[in-house]
Amino acid sequence: MIEYYDNLTPEEQEEVSGAIQLLYRQTFVLERKYDRRTGRMQFNKEFRACSKHLAFIRRYFEISGITVQENSRTGIIYLQGETLLGDKLPKLTTLYVLILKLIYDEQMAAASTSVHVFTTLADIHERLGSFGLLNRQPSATEVRRAVSMLKKYQILEPLDLLEELEGASRMVIYPSINMLLVGDDARALVDTFRETEEEDGEAETPAQNPMKRISTREAEAGESEV
C-alpha cells in the first residue's frame with residue numbers, strides 16, 4: 001500500500017492526501033455539485049481524485065475499520081463504519097433530515113430524470129408543521145446552523161448564501177440522503193418524533209454520526225444516530 005503512495009508524483013501525493021482528508025471531514029464526496037456561479041450542476045474535481053485513487057483510499061481507511069463505498073448510479077463515494085465519529089446533531093437538524101428524505105422520495109417517484117431534487121425552506125417547515133413537529137418557528141440562527149451542518153456533510157446545498165436564507169430560498173437535496181435513510185425508516189421516525197413531541201415538548205434529540213442509519217428503537221431512546 002505504501003509503495004503505491006511512494007511511487008506517486010508530489011502533486012499526486014497531495015491529491016491523495018486531500019481526498020482522504022475531505023472524505024473524513026464530510027463523509028460524502030459527490031460526483032456533481034451545484035455551482036452557484038453558473039447556476040448548474042457541475043462535475044466535482046474532488047470526486048475525480050477520490051475515484052482515481054479509490055483502491056488505495058479503501059485500503060487506507062480499512063486499517064481503522066472504515067469502509068469506503070461507491071454508488072456509481074448516483075455518483076457518490078462515501079465512508080461507512082461503526083468507528084466513525086460524527087457531530088452531535090441538534091433536534092432541528094435531525095428533523096430536517098427526515099423531511100428531506102420524504103421530499104426526495106416523493107419527487108423521485110414522480111419520474112424525475114435527475115438524481116438531484118429541489119425544495120424550499122418554506123416547504124420543509126410546512127411539512128414539519130403538518131406532522132406536528134414544529135411547535136414554534138425556529139430562529140434564523142437555528143436554521144442556519146441546521147442548513148450549514150447538512151451542507152457540510154453534502155446532504156443539502158442552499159442556492160442562496162446562509163446569511164440570506166428565507167422561506168423562499170431554494171435548496172438542492174443531494175442523493176446522499178439515501179445513504180442515511182430508507183423511506184420506511186423516515187416515515188416511522190416521523191411518527192416516533194411526533195409522539196415524543198406530544199409527550200415531551202421541545203426535548204433535545206441529539207444524533208451522533210451522519211453516516212449511520214437511524215433506527216426507530218434508538219430514536220425512542222433519545223440517542224438516534226444518523
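Reader: Is Thr27 buried or exposed, judging by its relative accessibility?

Author: In this predicted model, Thr27 lies in the loop between α2 (10-26) and β1 (28-30), and its phi is near 70°, a positive value in a residue other than glycine. A residue is called buried when its relative accessible area is under 20%. Because the relative accessibility of Thr27 is 6%, Thr27 counts as buried.

Reader: Where in the chain is Gln154 found, and what is its relative accessible area?

Author: Gln154 also deserves a look at its backbone, for it has a positive phi of about 60° although it is not a glycine. Its place is the loop between α7 (140-152) and β7 (156-158). Gln154 is buried, and its relative accessible area is 4%.

Reader: Among contacts between residues at least 6 apart in sequence, what percentage joins residues at least 24 apart?

Author: A contact here means that heavy atoms come within 4.5 Å, and the contacts considered are those in the chain between residues at least 6 apart in sequence. Among these, the part that joins residues at least 24 apart is 64%.

Reader: What percentage of the accessible surface belongs to carbon and sulfur atoms?

Author: The accessible surface of the chain comes to about 11500 Å². Of that surface, the part belonging to carbon and sulfur atoms is 46%.

Note on methods: Residues numbered from 1 in each chain as written. Predicted model: local features only at pLDDT ≥ 70, side-chain atom pairs only at ≥ 80, totals over all residues. Heavy atoms only, no water. Areas by Shrake-Rupley, 256 points an atom, 1.4 Å probe, with all protein chains shown as cover. Helix = DSSP H or I, 4+ residues; strand = E, 2+ residues; numbered from the N terminus. Buried < 20%, exposed > 50% of the residue type's maximum accessible area, 1.4 Å probe, protein only.
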